[in-house]
Amino acid sequence: MSEAGSDHKQRASLSPQPQRKAPRLAAGRARALGLPTRGTTNANRLRRVDRWLLATQIPRLRDSARPLVVDLGYGASAVTTLELVERLAPEVDGLEVVGLEIDPARVAAVEADRDPPRVDFRLGGFELAGLQPVLVRAFNVLRQYDEESAARAWTTMCAALGPGGLVVEGTCDEWGRRSTWVALDAEGPLTLTLAARVSDIATPSDLAERLPKALIHHNVPGQPVHEFLRAFDVAWASAAGMSTFGPRQRWVAAVEALAEQGWPLVGSSRRWRHGEVTVRWSAVAPVE
Ligand SMILES: C[S@@+](CC[C@H](N)C(=O)[O-])C[C@H]1O[C@@H](n2cnc3c(N)ncnc32)[C@H](O)[C@@H]1O
């Protein structure tokens with residue numbers, strides 16, 4: 001069954017079991033917060049977020065006294081965690097990556113992939129097993145929780161970060177062609193990024209189906225994220241002539257139009273050529 005296919009069933013079973021507050025135990029001893037969900041993963045599935053991490057987060061890791069990264073909810077195999085190590089390690093001296101899973105069977109299954117301290121796998125949940133990382137990648141994990149639980153998970157993960165830390169929480173399709181993620185620090189959400197294989201989409205709002213849990217139910221008229229996607233679709237339609245130069249040139253032209261309209265885009269325009277755009281969270285955050 002596809003991930004999206006059984007979402008409703010999964011959420012229904014998760015809803016009656018709210019998370020408890022993290023007990024005050026020594027680091028690493030706290031109860032793992034959350035519930036096991038389907039472990040679907042695929043090689044190279046998380047390449048888009050990893051490229052963004054490489055382009056934007058290396059200074060954060062290099063500036064850290066201990067460049068520790070947590071990959072939360074790595075799933076049925078270690079493959080995307082090992083890819084993260086391969087991608088970041090050449091750029092960051094002393095990099096340590098810890099894959100955390102709430103399902104003990106999945107921790108046991110990747111025993112042979114452990115190579116601590118470079119890469120390790122442990123039991124843990126949203127409390128991050130007391131690790132205090134500088135970067136957390138949590139991909140395709142919150143999709144299977146209800147919105148309220150996902151909001152609590154944000155708070156718990158951000159509280160567990162080390163100094164200057166960042167959580168990157170997002171989702172993507174099975175093959176990683178459509179992806180979105182939110183970056184959060186200890187103060188809360190900072191940005192929303194959309195990233196796509198542009199030749200694979202009809203309009204930018206095709207990415208709506210992959211919005212993070214905090215936004216997906218707010219993609220309705222009157223909500224900022226809906227306005228953003230609508231503006232993007234209009235800009236995309238206006239940039240149809242750029243298709244002659246390829247879909248990514250069309251994407252760049254549409255994003256330039258968004259910037260001209262005053263949407264608060266963040267980061268280098270070089271990222272746009274990769275079928276990516278990052279917008280300040282305040283411009284897309286749900287309103288009452
Ligand atoms: C769909 S898989 C995602 C695998 C991989 N991150 C990817 O994107 O391909 C979701 C995994 O998250 C795990 N998970 C769910 N809640 C969790 C939590 N609170 N802490 C740690 N892992 C969790 C599930 O057990 C499952 O293995």
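How many cavities of 30 Å³ or more does the structure hold? The structure holds two, where a cavity is a set of points, on a 1 Å grid over the protein atoms alone, at which a 1.4 Å probe fits but cannot get out. Grid points are joined across faces, edges and corners, and a volume is the space filled by probe spheres set on the points. The model is predicted, so that local features need pLDDT of at least 70 and side-chain atom pairs count only at pLDDT 80 or more, while totals for chains, interfaces and linings use all residues. Residues are numbered from 1 along each chain as its sequence is written, and side-chain values use heavy atoms, with hydrogens and water left out.

The largest cavity contains about 280 Å³ of space. Its lining comprises 30 residues (those with an atom within 4 Å of a point), and G73, Y74, E101, N140 and V141 are the closest to its centre. Strand 1 (68-72), strand 2 (96-101) and strand 4 (135-139) are the elements that give two or more residues to this lining; helices (H or I, at least four residues) and strands (E, at least two) are DSSP runs, numbered from the N terminus. By class, 11 of the lining residues are nonpolar, 12 polar and seven charged. In this scheme Ala, Val, Leu, Ile, Met, Phe, Trp, Tyr, Cys and Pro count as nonpolar, Asp, Glu, Lys and Arg as charged, and the others, Gly among them, as polar.

The largest cavity is the space taken by the ligand, a molecule being assigned to a cavity or pocket if more than half of its atoms lie within 2 Å of its grid points. The ligand is surrounded by 27 residues, of which T41, E101, R106, N140 and Y145 are the closest; a residue is near a molecule if one of its heavy atoms lies within 4 Å of it. This shell consists of 11 nonpolar, 11 polar and five charged residues.

An N or O atom in the side chain of R106 is 2.6 Å from an oxygen atom of the ligand, and a polar side-chain atom of N140 is 2.8 Å from a ligand oxygen atom. A polar backbone atom of L35 lies 3.2 Å from a nitrogen atom of the ligand. The ligand taken alone exposes 600 Å², of which the protein buries 100% (Shrake-Rupley method, 1.4 Å probe).

The second largest cavity holds about 30 Å³ of space. R48, R51, A195, R271, H274 and E276 line this cavity, and these divide into one nonpolar, one polar and four charged.

A pocket, in contrast to a cavity, is an open set with protein on both sides within 12 Å along at least five of seven lines. The second largest pocket has a volume of about 290 Å³. Of its 20 lining residues, W52, T56, V266, G267 and T278 lie nearest its centre. Helix 2 (47-56), strand 7 (188-196) and strand 8 (276-280) each give two or more residues to the lining, and strand 8 gives the most, with four. The lining of this pocket has eight nonpolar, seven polar and five charged residues.

Two backbone features were also noted. P116 and P117 are joined by a cis peptide bond with omega of about 5°, and P117 is found in the loop between helix 5 (104-109) and strand 3 (119-123). A129, although not a glycine, has a positive phi of about 55°; A129 is placed in the loop between strand 3 and strand 4.

Methods:
A polar contact is a pair of N or O atoms within 3.5 Å; within protein, one must be able to donate a hydrogen and the other to accept it, and residues adjacent in sequence count only if both atoms are side-chain atoms.
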